Amino acid sequence: QVQLVESGGGSVQAGGSLRLSCVASGYTYSNSNHRMAWFRQAPGKEREAVAYLRTFSAPLYTESVKGRFTISQDNAKNTLYLQMNSLTPEDTAVYYCAADLPPYGGSWYSRDTYDYWGQGTQVTVSS
């Protein structure tokens with residue numbers, strides 16, 4: 001059974017940094033050729049894609065986080081990361097890790113693409 005467990009959320013002031021982690025289990029992370037992503041959902045808003053990673057491909061980011069967020073993974077630890085710098089109050093949301101295993105779904109930024117989701121971790125940025 002595939003499971004994704006996020007951690008690392010918290011409360012920070014504007015300009016601060018956080019690093020989110022997502023530990024995957026239930027499949028062979030390093031050999032899966034999976035597609036991984038971070039999404040976020042702010043109160044009253046739709047869940048939106050933030051960053052995407054597929055092994056041997058360049059990461060992709062939504063425009064609002066380019067230059068501030070970095071997605072990465074450590075295959076030895078079965079873990080996906082999201083390093084978030086220069087945080088602003090607009091980054092406040094629940095952040096979710098998502099995985100798409102072969103056969104693949106659709107666009108990286110579409111919620112429907114991903115087969116598995118974590119429970120989410122809250123990020124709150126104060127001004």
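1. A polar contact is a pair of N or O atoms within 3.5 Å; within protein, one atom must be able to donate a hydrogen and the other to accept it, and residues adjacent in sequence count only if both atoms are side-chain atoms. In these terms, a polar atom of the Glu6 side chain lies 2.7 Å from the backbone nitrogen of Cys97, and one lies 2.9 Å from the backbone nitrogen of Gln119.

2. The model is predicted: local features need pLDDT of at least 70, side-chain atom pairs count only at pLDDT 80 or more, and totals for chains, interfaces and linings use all residues. Residues are numbered from 1 along each chain as its sequence is written, and side-chain values use heavy atoms, with hydrogens and water left out.

3. Glu6 belongs to strand 1 (residues 3–7); strands are DSSP E runs of at least two residues, numbered from the N terminus. Opposite Glu6 stands Cys22 in strand 3. Strand 1 and strand 3 (residues 18–25) run antiparallel and are joined by 5 bridges, where pairing requires at least two DSSP bridges.

4. The open sheet has 4 strands in the order 1-3-8-7, with antiparallel pairing. Its edge strands are strand 1 and strand 7 (69–74), each pairing on one side only.

5. Pro43, in the loop between strand 4 (35–41) and strand 5 (48–54), counts as exposed (over 50%) because its relative accessibility is 74%.

Definitions and conventions: Buried < 20%, exposed > 50% of the residue type's maximum accessible area, 1.4 Å probe, protein only.
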